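Hi there,

Here is the structure I promised to send over. Please have a look at it first, and then read my notes below.

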Amino acid sequence: LEEGLLGMRVGGSRRLLIPGEIGYKDKKQGPVPRDFGMRNRLYSTVFNTERTNKEREALGASIAGVVLADVQVLRVFCGDDK
């Protein structure tokens, strides 16, 4: 997320596409859903290498765990701002 926001100015907007392998490297890294069913669903997609390999073959890329976010900068705080 930090990389996607670099260079943005107030009023600017971007669409960020964050691949699952960057957003979820292991089961300890968050954000991890609190609900067991949703957590299990995440683990069975992002960490299932058989499934992601099949997606890669069929689509040319893995979409498991991909996060898409539209962001807009509303205000920028500097280190001294309170």
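How many helices and strands are there in the chain? The chain has four helices and two strands, and along the sequence they follow the pattern α-β-α-α-α-β. Helices (H or I, at least four residues) and strands (E, at least two) are DSSP runs, numbered from the N terminus.

Before the details, a word on where the values come from. This is a predicted model, in which local features need pLDDT of at least 70 and side-chain atom pairs count only at pLDDT 80 or more, while totals for chains, interfaces and linings use all residues. Residues are numbered from 1 along each chain as its sequence is written, and side-chain values use heavy atoms, with hydrogens and water left out.

**The chain as a whole**

The accessible surface of the chain is about 6,900 Å², by the Shrake-Rupley method with a 1.4 Å probe, where for residues only the protein chains shown count as cover. Carbon and sulfur atoms hold 52% of that surface. Of the 82 residues, 20% count as buried; buried means under 20% relative accessible area, exposed over 50%, and partly exposed in between (1.4 Å probe, protein chains only). Among contacts (heavy atoms within 4.5 Å) between residues at least 6 apart in sequence, 51% join residues at least 24 apart.

**Salt bridges**

I count a salt bridge when a side-chain nitrogen of Lys or Arg is within 4 Å of a carboxyl oxygen of Asp or Glu. By this rule there are two salt bridges.

- Aspartate 70 pairs with arginine 15, with the closest N and O atoms 2.6 Å apart. This pair links distant parts of the chain, 55 residues apart: aspartate 70 is in strand S2 (residues 67–72) and arginine 15 in strand S1. Aspartate 70 is exposed at 54%, and arginine 15 is exposed at 58%.
- Glutamate 50 and lysine 54 meet at 3.5 Å, N to O. Both lie in helix H4 (residues 49–59), four residues apart, about one turn of the helix. Glutamate 50 has 53% relative accessibility and so counts as exposed, as does lysine 54 at 52%.

Leucine 17 sits in strand S1 (residues 13–18) and counts as exposed because its relative accessibility is 60%. Together with Val66 and Leu68, Leu17 makes a nonpolar surface patch of about 280 Å². Patches are made of residues with over 30% relative accessible area and no salt bridge, with like charges joined within 9 Å and nonpolar side chains (Val, Leu, Ile, Met, Phe, Trp, Tyr) within 5 Å.

Leu17 is also among the residues that line the second largest pocket, including Leu1, Gly4, Pro19 and Ile22. Helix H1 (2–5) and S1 are the elements that give two or more residues to the lining of this pocket.

**Two more residues to look at**

Is valine 73 buried or exposed? Valine 73 is buried, because its relative accessible area is 15%. Leaving out residues up to four places away, valine 73 touches Met8, Arg9, Val10, Gly11 and Gly12.

Proline 33 is in the loop between helix H2 (20–23) and helix H3 (36–46). With 26% relative accessibility, proline 33 is partly exposed. Beyond its neighbours within four places in sequence, proline 33 contacts Met38, Arg39 and Leu42.

Best wishes

Note on methods:
1 Å grid on protein atoms, 1.4 Å probe; cavity = no way out; pocket = protein on both sides within 12 Å on 5 of 7 lines; lining within 4 Å.
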